[in-house]
Amino acid sequence: MVSADAIRSVVGILGNVIALVLFLSPMPTFVRIWKNKSVEQFSPVPYLATLLNCMMWVVYGLPIVHPKSMLVITINGTGTVIELIYILLFLIFSNGKQRLRVFMMLLAEIIFVVGVALLVIALAHTYEKRSMIIGILCVFFGTMMYAAPLSVMRLVIQTKSVEFMPLFLSLASFFNGVCWTTYALIRFDLYITIPNSLGVMFAVGQLILHAMYYKSTKRQIELRKRKGEVGLTEVVLTSGDPTH
């Protein structure tokens with residue numbers, strides 16, 4: 001008979017694969033940012049929230065904090081690197097005020113995580129206490145990560161367009177939440193269960209919005225393209241007139 005630990009390991013590995021897909025899912029967004037040399041209306045908040053969440057889970061998975069958590073360290077360490085690359089692109093292609101705001105938030109996150117890790121390791125002298133303190137923080141920041149798209153969801157409702165809320169990212173968030181919730185429930189880990197179960201609910205909300213506004217998004221994009229073509233025609237027609 002297959003043991004619970006073996007099942008948990010398999011689910012954890014699957015969770016790592018799905019989480020990696022989640023981390024890589026914004027790639028089309030950043031290819032667009034790179035090509036257009038602009039962040040447009042894309043928000044840096046989800047990526048900053050994900051970075052903070054990943055860094056905190058790396059601390060949680062350290063052998064000195066919560067032993068036997070290598071799967072937690074590997075995927076969140078990978079996520080930390082990927083999110084740093086995304087945020088670097090935001091810094092490169094955003095304007096002055098936004099660039100400064102993103103940089104200051106990034107700096108604050110790094111200082112916070114390093115400070116918390118040093119304090120907990122120095123002042124909490126058992127695995128249980130260290131796991132509890134870091135676990136509670138992970139629950140809080142994990143919930144923030146999954147809730148970060150709420151600002152984008154509000155924009156979606158206002159504009160009736162999901163253009164700036166990629167479907168692939170919403171799907172990856174849903175499957176990632178389901179997988180890690182299952183992983184946590186096999187051998188109950190409250191700190192992993194809470195943020196990921198909430199993540200499932202937030203992702204379902206995003207998918208509902210995609211279903212509601214998919215058609216109106218296509219109409220808006222097509223209308224914008226037609227306006228652009230009309231504008232180009234007007235430029236061509238008037239370019240030969242010396243009075244313009």
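Q: Where is the place of N53?

A: N53 sits in helix 3. Helices (H or I, at least four residues) and strands (E, at least two) are DSSP runs, numbered from the N terminus.

Q: Is N53 buried or exposed?

A: Start with the terms: buried means under 20% relative accessible area, exposed means over 50%, and partly exposed lies in between (1.4 Å probe, protein chains only). N53 has 5% relative accessibility, so it counts as buried.

Q: Which residues does N53 touch?

A: Contact means heavy atoms within 4.5 Å. Not counting residues up to four places away in sequence, N53 touches C138, F141, G142 and M145.

Q: What should I know about the model itself?

A: This is a predicted model: local features need pLDDT of at least 70, side-chain atom pairs count only at pLDDT 80 or more, and totals for chains, interfaces and linings use all residues. Residues are numbered from 1 along each chain as its sequence is written, and side-chain values use heavy atoms, with hydrogens and water left out.

Q: How many helices and strands are there in the protein chain?

A: The protein chain has nine helices and zero strands. From the N terminus on, its elements run α-α-α-α-α-α-α-α-α.

Q: What does the C-alpha trace span along its principal axes?

A: The trace of the protein chain spans about 80 × 40 × 25 Å. Of the 244 residues in the chain, 43% are buried. Take contacts between residues at least 6 apart in sequence: 79% of them join residues at least 24 apart.

Q: Which residues does the UniProt annotation "transmembrane region" cover?

A: A word on such records: UniProt positions are given in the numbering used here, feature names are shortened, and annotations may be inferred rather than shown by experiment. The unreviewed UniProt entry gives "transmembrane region" for residues 6-24, 45-65, 71-93, 105-127, 133-152, 164-186 and 192-214. Now look at two of these spans in the model. Residues 71-93 are 100% helix and 0% strand, with end C-alpha atoms 34 Å apart. Residues 105-127 are 87% helix and 0% strand, and their end C-alpha atoms are 30 Å apart.

Q: What describes two packed helices?

A: The angle between their axes and the distance between the axes. Here, axes are lines fitted to C-alpha atoms, for helices over the stretch in contact, and angles run from 0 to 180 degrees between N-to-C directions. Angles under 35 degrees count as roughly parallel, over 145 as roughly antiparallel, 65 to 115 as roughly perpendicular and the rest as oblique.

Q: At what angle do helix 2 and helix 4 pack?

A: Helix 2 (residues 27-36) and helix 4 (residues 70-93) pack at about 25 degrees, with axes 11 Å apart. The two helices are therefore roughly parallel. The crossing is left-handed. That term applies if the near helix is turned anticlockwise from the far one by less than a right angle; clockwise makes it right-handed.

Q: Which residues in helix 2 and helix 4 meet?

A: From helix 2, M27, F30, I33 and W34; from helix 4, Y86, L89, F90 and F93. This contact has eight nonpolar, no polar and no charged residues. Ala, Val, Leu, Ile, Met, Phe, Trp, Tyr, Cys and Pro count as nonpolar, Asp, Glu, Lys and Arg as charged, and the others, Gly among them, as polar.

Q: How do the axes of helix 4 and helix 5 cross?

A: They come within 8 Å and cross at roughly 150 degrees. Helix 4 and helix 5 are therefore roughly antiparallel. Their crossing is left-handed. L84, I87, L91 and I92 in helix 4 meet R99, V102, F103 and L106 in helix 5. By class, that contact has seven nonpolar, no polar and one charged.

Q: Where is K37 found?

A: K37 is in the loop between helix 2 and helix 3 (45-61). K37 also has a positive phi, about 55 degrees, although it is not a glycine.
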